[in-house]
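Biologist: I would like to go through this model with you and ask, at each step, what a given term rests on. Could we start from the structure itself?

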Amino acid sequence: MLEIQGLNVFYGDIQAVWDVSLHVDEGSIVALVGANGAGKSTLLRAISGITSAKEGEILFSGKSLKKLPPQDIVKMGISHVPEGRRLFSNLTVYENLKLGAYIPRSRRSVTQSIERAYDLFPVLKNRMNQKAGALSGGEQQMLAIARAMMSRPMILMLDEPSLGLSPMLVKTMFELIMNLNRQKVTILLVEQNIHQALKIADQAYVLENGKIAMTGKGKELLSDPEVQKAYIGTRWSKS
Amino acid sequence: MLEIPNLDIFIQLLINGILFGTMYGIAAIGLSLIFGTMRIMFLAQGSMIILFAYVSYWFFELLGLDPYISLFLIVLIGLGFGAGIYHGLFKGAAAQEDKNISLLIAVGLMFLVENLMTVFWTADPRTISTGYTSLVFRPMGIGIPFNRLMGFIIALFATTGVLLFLKKTYIGIAVRAAAEDMEAVTLLGINPHRVNSVVFAIGTGLAGIAGVELATIYPFDPFFGFIFVLKAMIALAIGGIGNVFGALLGGIILGLLESLSSFFIGGGWSDAVSYGVFLLILMFRPEGLMVRSVKKA
Amino acid sequence: MKKDKQVILTALLILAFAVVPFIVDSEKSYLVYSLFLFFCYIIISQAWNLVAGYTGQISLGQHAFFGLGAYTTALIWLNNITKTGYYFDPVTILLSGLVPATIAAIVGIPLLSRLRGDYFALGTLGMGEIIKVIFVKGGSITGASDGLHLPSSVYSSIRPYYWTGLFLAVFATLLIYLIVRSRTGLALKAIREDETSAAAHGIHVLKYKVLAFSIGAFLAGLCGSLYGIYLFHINPDSVLKLDWTLYPILMCVIGGTGTITGPLLGSFFISTVFSVADIYFVQMHPVMAGILIILVMKFMPKGLIGLTQRKEL
């Protein structure tokens, strides 16, 4: 469904992603893992069109996304929850959700979408008239995901959804991601919490210095001695 | 040196200050919205106001159109003109990290418009003089000039309209969101250029309202716009950027400040007082006085 | 090798400019007057260039320092303060640079320590207006809005203006050149690129910013002094108008800010355009200035110099 071929991405004079090819099958969970600064977020930003300096090809259902601005990419059915959530903290929870359904296709069903978001995250319903900035970290992450789901995307790209959450909430978050996936949403997940990410991923890519170092099924990589040594053994000794 | 005015004069000063200040307030709302979403200090706002004052002057002199009727037309022209300015001049620059480019384009536009107006209408001061120009209401002995009162009422309507627009419409909510984080806005499928051009349209539409008000109550010349935009910025500094009602209130406070200081310490010095207040606020409260939430990315 | 060649070429160019009044009839020729303006533009653009181009502080208050320079000259002359002759007197001209420089240092400390980016630009705009109000309201000392009249009977030829202008333009350009090549210049550029990291590297940010602001005011003041004795009538509308800030900005951005040759190219280009406009479309040159600023910022924000080189640090 999403196909990336030989992608190079630049930040000014610096190249952040080198010749990356990957594909995301419909209905799957794909994880991009790797250390800080490996180019994971840059890759997502390139797909969603925020970063325009790129070479190579990005295809979504056969159509090229390479030259499209972010707003058109959203309309095609790709939703991106950026790193750090990026909520509008002076807008209410309700307004944040409503904006999520801005594109014409989803605007028609905004009422149902908001109901669905409240079903998924009951806590948001109780706080619908509060400003997003007043929410707790976990609630903010839920709102960010709920907002991104408002456009009824086919692919949801999540950048570090577990960042800054308590271990309890991290668990809830990953359950939620799997839950969304069961509702036919394809997931492209960027995580530093490698252990958790690999556990739920159908397919995973390990990024190192902007290049793909390894790829395989999530469970396979999880038990791969090299991955264990490089990422899990040292930092995530037992999670 | 300091005269103690009697109560009537004092009340008169307050009323004049408030009524004149709403005009600054309207101009400041436009500046505030544009700065809020694009971080552009639109220095040409004052020249736009004067331009619309001339347009309303022309409508009146050439077509005999009453300024309060041509107001509707001028607001429409302003909306279109604003969107045009954005697409023609600021579209590329608004996305640039270097905000000096937009600042300098605004400076160039101000310069261009000012001097074009001088060529068209000469530098002589103009004003619209209708049958009701000197009409003054006197409730309880306090003189309220009709045109100033109208200006005040129109300003209140305009402010309410902008507030409702920002609160109730999809694109209005997007404008408020864009003031916080434009990138996140585009990630929701919203075209940033649409948001920006709407903001410019509103800003210039408001300039149209301020221009008509100005033309009915005050003699203006092409170079008055620069002073006007400075005043609007002072109002903004007082009221706080990104706060529509605050900008109006800032304008009113500035109007009061000017009206009182020109009475107590003399005409020309009141400008120095305003600029002094401006500098002090910039230095000690760069977000403006009214902003309560202390938040910085 | 290449360096020597450049020095010789520059010297020849300056010499060529210096002999122009001998070749053409300086009192009748429009060329001499145009070149005099060209030199004035160089001085004020290099001043703005140092503050904005090299230090990154967009000042919209240069006209205040230009005006202060002109007024200083007039006040010294009319009140017979230095008793040194006044007309093209180096002491008077020097003082007319030093007074704005001192005032710039005094107002620069609060402005530059508290305001950044466009807030600084707006702050300097407010400062310029306050200074203007002070002169308009200065009563008999400043002559209020009518201003001050200098004894114009001393005028005999434009030649001294021309040569003084040329000298000051060379001086300003050389001064900026030497500053930006020195350690001070490195510090200024570091501040422009990233203030926080400059401070982290032990650069006293405020000190350097105030220094640049003050030198900019010094040069603007010198130019104001020269222009003041050319006008003989100094009033707020002539020497304190915003044009004296906008023109240098225009010339710098057209030529290329933050380069030595950019302001020279820009000044040459603009003074040519203005001269042509003055002859063929009277009154239109401010209009053209506005259009030019917009076009340049839209299509080549790095200026003319940006056409030839990709990046300048």
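Modeller: Let me begin with a term we shall need for the sheet: two strands are said to pair if DSSP finds at least two bridges between them. Please keep in mind throughout that this is a predicted model.

Biologist: What makes S1(A) and strand S4 of chain A a pair?

Modeller: The criterion asks for at least two bridges, and S1(A) and strand S4 (residues 54-60) of chain A are joined in the antiparallel sense over 6 bridges, so by the definition they pair. Within that pairing, A:Leu2 has A:Phe60 in S4(A) as its bridge partner.

Biologist: How do you know that strand S1 and strand S2 of chain A pair, and in which sense?

Modeller: Strand S1 (residues 2-11) and strand S2 (residues 14-24) of chain A share 7 bridges in the antiparallel sense, and since the definition requires at least two, they too count as paired. A:Leu7, for its part, finds its bridge partner in S2(A) at A:Val20. S1(A) and S2(A) form a hairpin with 2 residues between them, and in the turn A:Gly12 has a positive phi of about 60 degrees.

Biologist: Why is chain A called as compact as a globular protein of its length?

Modeller: Chain A, which holds 11 helices and 10 strands, has a radius of gyration of 17 Å, close to the 18 Å that the globule rule gives for 239 residues, and therefore it is as compact as a globular protein of that length. Along the principal axes, its C-alpha atoms fill a box of roughly 50 × 40 × 30 Å. As for burial, 45% of the 239 residues of chain A count as buried, and residues 24 or more positions apart account for 66% of the chain's contacts with a separation of 6 or more.

Biologist: Which parts make up the two domains of chain A, and where do they touch?

Modeller: The domain assignment gives domain 1 (2-77 + 153-235) and domain 2 (89-152) of chain A, with 24 Å between their centres, taken over C-alpha atoms. In the model, 9 residues of domain 1 of chain A are in contact with 9 residues of domain 2 of chain A. On the domain 1 side, the elements of chain A that give two or more residues are helix H2 (70-76) and helix H8 (167-182), and the residues of that side divide into 7 nonpolar, 1 polar and 1 charged.

Biologist: Why is B:Phe20 called buried?

Modeller: A residue is buried if 20 or more other C-beta atoms lie within 10 Å of its own; B:Phe20 has 25 C-beta neighbours inside 10 Å, so it counts as buried. B:Phe20 belongs to helix H1 (residues 7-38) of chain B. Leaving aside residues up to four places away in sequence, B:Phe20 touches B:Arg148, B:Gly255 and B:Ser259. The C-alpha atoms of B:Phe20 and B:Leu254 are separated by 9.2 Å, although these residues stand 234 residues apart along the chain.

Biologist: What makes up the side of chain B that touches chain C?

Modeller: Here 32 residues of chain B are in contact with 34 residues of chain C. The elements of chain B that give two or more residues to this side are helix H3 (67-94), helix H4 (99-121), helix H9 (224-239) and helix H11 (269-284), and H4(B) gives the most, with 14 residues. The residues of this side divide into 24 nonpolar, 6 polar and 2 charged.

Biologist: And which elements form the side of chain B that touches chain A?

Modeller: At that interface, 15 residues of chain B are in contact with 20 residues of chain A. Helix H6 (170-180) and helix H7 (182-186) of chain B are the elements that give two or more residues, and the largest share, 6 residues, comes from H6(B).

Methods:
Residues numbered from 1 in each chain as written. Chains lettered and ligands numbered in written order. Predicted model: local features only at pLDDT ≥ 70, side-chain atom pairs only at ≥ 80, totals over all residues. Helix = DSSP H or I, 4+ residues; strand = E, 2+ residues; numbered from the N terminus. Rg over C-alpha atoms; globule rule 2.2 N^0.38 Å. Buried ≥ 20, exposed ≤ 12 C-beta atoms within 10 Å, placed from the backbone. Contact = placed C-beta atoms within 7 Å. Domains from an automatic or database assignment. Nonpolar A, V, L, I, M, F, W, Y, C, P; charged D, E, K, R; others polar.
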